[in-house]
Amino acid sequence: MKATIHGTIMSPWVRRLLAFCEEKGVDYEIINVVPLGEPDPEFLKISPLGKVPVLEVGGRFLPDSLAACSYIESAIAEPPLFPADGWDRGWMFWLCDYLGTGLFSKVEAPLFIQRFVNPMLLKTPTDAAVVAQALELMPAHFDYLESQLDGGKEFLVGDAISLADLTAGSIFVNFRHAGETVDAARWPSLSAYVERIHARPSFARIIEREKEAVGEVSPMFA
Ligand SMILES: N[C@@H](CCC(=O)N[C@@H](CS)C(=O)NCC(=O)O)C(=O)O
C-alpha cells in the first residue's frame, strides 16, 4: 500500500496513524497540514471537520485516525494491531476512547498547547492556570493507566501490541514535548511501558523525524 498522510507530525492523532503505518510496513509520505487558524477551504473538502490526519490511498481520502487505522487493519492483516478476541478488541476501543477523551483532552492537550504551541509557535504567553489545572488532573489518569498495566504488563491489551499502545505512546510523545515525563517512583509500570513503546523501531523513526523538526526547541531533546 502506498499512502499519503495529511497532517502535522506534532499531532498525537497523526502520530498514531504514522506509528500504525510503521508497524504495518506501509509506504507513506507526509503532506504537512498544521490545523491552526481558519482551515483552508480546499482542506475542508477532504476533512470536513478541519482536523488532521487524513489518510489518502489511491485517490480516496479518509479523515480521522481511527477510521484510517481500521481501513489499514482490514487491508493489511499482518501484524494484527486490533486484537482477534472480541472482548479484547472492545477493550482496545474503550482504551483508545479513554486516552482521547481523558488523557489527551484533559491533560496532554492543555499542557502541549500552553507549554509548546503558545510559546514556540504562536509566540503567545503560557496560561499558568490552565497548566495548573491539567497538572492537578494528571495523577488520576496516570493511576488508571498504571492499574491497566497491572504490575508490569508489556501491552495495554492482551499480550501483543495494539492500537491502544500506539495511541498511548503517541500521546506520551506530546507529554515529552510539553516537558513532562512519568515519575518512575510513583508510576513504575507506566514509566517503563512508555520507554518500551518509544524504543520500538516504529516510534524511534517517528521521534527521530521530530528531532529533526523541533530538536532545537522541544524539551524532549534537551
Ligand atoms: N478523532 C480525530 C481527532 C483529530 C484531532 O483532534 N486533530 C487535531 C490536531 S491534534 C486537529 O486537527 N485540530 C484542529 C481543529 O480541531 O480544528 C482523529 O483521531 O483523527
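1. Start with the salt bridge between glutamate 210 and arginine 15: their closest N and O atoms sit 2.7 Å apart. Glutamate 210 belongs to helix H8 (residues 201-214) and arginine 15 to helix H1, so this pair ties together parts that are 195 residues apart in sequence. Keep in mind as you look around that this is a predicted model. In the structure as a whole there are six salt bridges.

2. Now for the overall layout. The chain splits into domain 1, covering 2-75, and domain 2, covering 86-221. As for who touches whom, 17 residues of domain 1 make contact with 26 residues of domain 2.

3. How much area is buried between domain 1 and domain 2? The figure is about 1800 Å², and carbon and sulfur atoms give 70% of that. On the domain 1 side, Met10, Arg15 and Glu23 are the ones to click on: together they supply 33% of the area that domain 1 buries against domain 2, more than any other three residues. Arg15 is the arginine from point 1, the partner of glutamate 210.

4. Elsewhere in the model, have a look at glutamate 23 and arginine 200, which form a salt bridge with their closest N and O atoms 2.8 Å apart. In general, side chains of opposite charge can pair when their charged atoms come close.

5. Which elements give two or more residues to the side of domain 1 that touches domain 2? They are helix H1 (12-24), strand S2 (27-31) and helix H3 (65-75). H1 gives the most, with nine residues. By type, the residues on this side of domain 1 divide into twelve nonpolar, one polar and four charged.

6. On to the rings. A search of the whole structure turns up eleven aromatic pairs. One of them is phenylalanine 142 with tryptophan 187, an edge-to-face pair at 5.0 Å centre to centre and with 85 degrees between the planes. This pair links distant parts of the chain, 45 residues apart: phenylalanine 142 is in helix H5 (residues 128-149), while tryptophan 187 is in the loop between helix H6 (163-177) and helix H7 (188-199).

7. Finally, some backbone details to check by eye. Most residues other than glycine have a negative phi, and most peptide bonds are trans. Against that background, the peptide bond from valine 52 to proline 53 is cis, with omega near 10 degrees. You'll find proline 53 in the loop between helix H2 (41-46) and strand S3 (54-57). Glutamate 78 and proline 79 are also joined by a cis peptide bond, with omega about -10 degrees, and proline 79 falls in the loop between H3 and helix H4 (86-122). Then there's lysine 123, which isn't a glycine but has a positive phi of about 55 degrees. Look for lysine 123 in the loop between H4 and H5.

Technical notes: Residues are numbered from 1 along each chain as its sequence is written. This is a predicted model: local features need pLDDT of at least 70, side-chain atom pairs count only at pLDDT 80 or more; totals for chains, interfaces and linings use all residues. Side-chain values use heavy atoms; hydrogens and water are left out. Domain bounds come from an automatic or database domain assignment. Contact means heavy atoms within 4.5 Å. Buried area is the accessible area (1.4 Å probe) that two parts lose on being put together, summed over both. A salt bridge is a side-chain nitrogen of Lys or Arg within 4 Å of a carboxyl oxygen of Asp or Glu. Helices (H or I, at least four residues) and strands (E, at least two) are DSSP runs, numbered from the N terminus. Ala, Val, Leu, Ile, Met, Phe, Trp, Tyr, Cys and Pro count as nonpolar, Asp, Glu, Lys and Arg as charged, and the others, Gly among them, as polar. Rings of Phe, Tyr and Trp (its six-membered ring) pair if their centres lie within 6.5 Å; planes under 30 degrees apart count as stacked, over 60 as edge-to-face and the rest as tilted.
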